[in-house]
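Trainee: I have the sequence and the coordinates open. May we go through the contacts between the chains together?

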Amino acid sequence: MNLITTNELCKTYSKKLVIDHVNMHIPEGSIYGFVGENGSGKTTIMRLLTGLAEPTSGTYELFGLKNNDPRIFEKRKNISAIVERISLIPNLTAKQNIRYYELYTGRTLTEEEKDELLKKVNLQDVGNKKVRNFSLGMRQRLGIALALVSNPKLMFLDEPMNGLDPEGIAELRDLLIELNQKDGITVLISSHILSELEKIATCYGFISHGKIIEEITAQELKDRCRKSLMVKVDDVEKAEKAIKELGAKDYKVSPTGEIRIYDNFKIKDVMAGLDAAGVNILAINSSEESVEEYYLNLIKEGK
Amino acid sequence: MSRLLKSFFYKVSKDITFRITLIVGVGVAVFMTLLYFVIGLFMDEQMEMTTLTGQSMLVGSFSPVQSFGFAIPINIAVFIVLEFTQGTIRNKIIAGYSKFKIYASLFISGLALAFALLLTYVATCTLFGAIFGGFDLSVTTMAGMSGIGTGVITAEYIIKYVILALFSYCTIIAFSVFIATLCRNIGPCIPLILITIFGIYYLTMLFGVAVSTVNSIMDASQNALVELKEAMAQETNPNAIAAYEEQIAEVEKTIAGTQSTYDTVNIIASILKCVDPQYGLANTDFIREGDKSFTVMDNLTFFGGIGGNLAFTAAFFFGGACLFKKRDIK
């Protein structure tokens, strides 16, 4: 079951279409990695789904309810989000900020629960320090702690790893996995650190220029980012013919003169085959495509 | 809604700005009382009155354009703008509150804070006024806003004045919340609020003076016309009659010109009276009984003031709520 489904969602700002007929599907219980270049529309989509902005056209469903259904306000109580920036009250302490959240979300935590929550985000030692004196990383952690106050079923996290040190990133990663696996919280997370996203996401949505270019599960992505042999040659046509003669079935030719062979060949066999066909090899190496490369290729193809 | 209000008040209770404003309010109240006390030392004997009394401070301190009054809408606007700049509005929307509920909570919270500040200031002024000058509703004292006049402040006047003042503040706070949610930035917000509140008040005052000035010129011209006509009726010399006729035509021309000026000024003044939420407060009338003047507020001013303020409050509230609903939150 999808917790979020969008249907031809569009948003224009000053007559410019920034979200272009987006159809997204976020399965319940998933960690949805939202990937896209700066200004691709990730944050705008999060703003639309959290109710901060209204779609220009198109609709979305949240917990099975359409965005114009008045009952959606009740469902939104199951959501928490950090979109664009962390909303904290600078002249209050961490615990006072939690208290403030408690008051309007209607959930009351005991002192022990508050301590536990702060411990979860490694802020157990902040005491009575005002939030205005927190570092960016500490604010980020407190933002995440606040997002957990309401006991959400769905979390929107927009670049939550920004400002965190490597240790903080690892802790956040573990926390998100724990929240997802233990508490069943569905997470929509955008991040530029694709290597980190790769470690937690169970499915991905790739977005570019306001359009979703692909939605894919982590397993499918893993299959696509598999081991390959990359050959750069002087004559691509001849090389392609030679590779076919070697028995290659799964390969990709790029316009830059690169051929990526996914079939399991040894380097020396490929070199011999190309040499026999009179093709000059400029470069050859065995590689495994990362999510980042996959994404960059996807964007290139999209363009 | 109650959760939104609770969270807002929790935030304000932890905010040092509100406590400082309250302390400043009390300080200004004490200063103003002492100021009138000193003025009274020099003037009371000459003017045969008591400048400083509890009741004079009570009605004088309600003014939105004098001493502490103008700080109240600014303070409220600051609190509302902070909701936007700190991002707490965003969190409330994400948490599933409708924009209408959020706007309504901002207005109610703003109103409550404004009344807390206002009543603290008024109570301090009244208390210190009563300590220094007593609270005797039979003495001639300063009545209404400072500079308005002197007379005996009646209990009925105080009740009407306080009720009307509270309604005036409803309009002013509804306007401040409207401007704060419109600007979402303290920079343009404060000048806009101040210029509007002071601008309308002083324009109303200015046009009120203009109406009475033009009215006096008209009266003088009418009297002159009557005198000229009487004089001409008694005249038999044709040359003198011709001269009178010339003078009468001149005066009639002046009256016609003044009349059109009066009509224009009067229309503007009437419109401003309707738009000015403080009109009822700024225009204290007096009736003379024996050797004393008594403050009065006629029912038209009182009920008209309440009606006008209710209409403005509703207009700003619903206008603001609609605007807030339509605009995206950044």
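Trainee: Which residue forms a salt bridge with A:Glu84?

Mentor: Please bear in mind that this is a predicted model. The partner of A:Glu84 is B:Arg90, and the closest N and O atoms of the pair are 3.5 Å apart.

Trainee: How many salt bridges does the rule find across the interface of chain A and chain B?

Mentor: Two are found between these chains. As for polar contacts across the interface, 12 residue pairs qualify, with both residues at pLDDT 80 or more.

Trainee: How many residues are in contact overall?

Mentor: On chain A there are 31, and they meet 27 residues of chain B. The area buried between the two chains is about 2,600 Å², with carbon and sulfur atoms giving 53% of that area. On the chain A side, A:Leu52, A:Tyr100 and A:Tyr104 lose the most area to chain B, together 27% of what that side buries.

Trainee: Changing topic, into what domains is chain B divided?

Mentor: Domain 1 covers 2-198 + 280-326, and domain 2 covers 209-273. Taken over C-alpha atoms, the centres of these two domains of chain B are separated by 43 Å.

Terms used:
Residues numbered from 1 in each chain as written. Chains lettered and ligands numbered in written order. Predicted model: local features only at pLDDT ≥ 70, side-chain atom pairs only at ≥ 80, totals over all residues. Heavy atoms only, no water. Contact = heavy atoms within 4.5 Å. Buried area = accessible area lost by both parts, 1.4 Å probe. Salt bridge = Lys/Arg side-chain N within 4 Å of Asp/Glu carboxyl O. Polar contact = N/O pair within 3.5 Å; in protein donor to acceptor, adjacent residues only side chain to side chain. Domains from an automatic or database assignment.
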